[in-house]
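Work through the exercises below with the model open. Each task is followed by a solution in steps.

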Amino acid sequence: QVQLEESGGGLVQAGGSLRLSCAVSGSISSIKSMGWNRQAPGKQRELVATIISGGTTNYADSVKGRFTISRDSAKNTMYLQMNSLKPEDTAVYYCYAGGYYTSGRWYDYWGQGTQVTVSS
């Protein structure tokens with residue numbers, strides 16, 4: 001199993017920055033992909049950014065050039081640096097990890113979420 005715990009959310013003015021952290025524990029060596037999703041009130045959960053083993057990253061068009069996903073293996077922590085924040089970035093942000101059980105079956109684990117609120 002994998003456990004995930006987000007932190008770093010809060011209230012920030014438009015144009016400001018926040019850094020989200022996702023502390024990872026458990027079967028870390030089995031993880032193949034990690035990332036961040038978000039869900040705004042009344043909207044579906046959407047992909048924000050992903051990072052796969054090897055370091056390849058992918059971003060939603062709405063955050064390209066403003067958000068940066070990274071992973072510190074020594075600290076077992078994933079980050080989402082968010083710059084030039086906009087009110088439409090307001091959402092609950094969830095980190096997730098995907099990988100394979102020893103049986104070969106794929107798994108997904110999610111954190112509990114952290115609120116990001118951007119005021120105009």
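**Exercise 1.** In this predicted model, examine the side chains of E46 and R38 and classify their contact.

*Solution.* 
Step 1. Take the cut-off: a salt bridge needs a side-chain nitrogen of Lys or Arg within 4 Å of a carboxyl oxygen of Asp or Glu.
Step 2. Check the distance. For E46 and R38 the N to O value is 2.6 Å. The contact is therefore a salt bridge.
Step 3. Place each partner by accessibility. Buried means under 20% relative accessible area, and exposed means over 50%. R38 has 5%, so R38 is buried. E46 has 36%, so E46 is partly exposed.

**Exercise 2.** Which parts of the chain does the salt bridge between R38 and D89 tie together?

*Solution.* 
Step 1. Confirm the pair. The side chains of R38 and D89 meet in a salt bridge at 2.9 Å, N to O.
Step 2. Locate the ends. R38 belongs to strand β4 (residues 31-39), while D89 sits in the loop between β8 and β9 (91-100).
Step 3. Read off the separation. The two parts are 51 residues apart in sequence, so the pair ties them together.
Step 4. R38 and D89 are both buried.

**Exercise 3.** Are K64 and D61 buried, partly exposed or exposed?

*Solution.* 
Step 1. Start from the contact. K64 forms a salt bridge with D61, and their closest N and O atoms are 3.2 Å apart.
Step 2. Assign K64. Its relative accessible area is 47%, so K64 is partly exposed.
Step 3. Assign D61. Its relative accessibility is 66%, so D61 counts as exposed.
Step 4. Turn to the network. Salt bridges with shared partners join R38, E46, R66 and D89 into one network.
Step 5. Close the count. The whole structure holds four salt bridges.

**Exercise 4.** In what order do the four strands of the open sheet run, and which are its edge strands?

*Solution.* 
Step 1. Pair β1 with β3. Six bridges join β1 (residues 2-7) to β3 (residues 18-26), and the two run antiparallel.
Step 2. Pair β3 with β8. Again six bridges join β3 to β8 (residues 77-82), antiparallel. Here R19 has Q81 in β8 as its bridge partner.
Step 3. Write the order. The open sheet reads β1-β3-β8-β7, with antiparallel pairing.
Step 4. Name the edges. They are β1 and β7 (67-72), each pairing on one side only.
Step 5. From one strand to the next it averages 15°.

Key. Residues numbered from 1 in each chain as written. Predicted model: local features only at pLDDT ≥ 70, side-chain atom pairs only at ≥ 80, totals over all residues. Heavy atoms only, no water. Pairing = 2+ DSSP bridges. Axes fitted to C-alpha atoms, helices over the stretch in contact; angles between N-to-C directions. Buried < 20%, exposed > 50% of the residue type's maximum accessible area, 1.4 Å probe, protein only.
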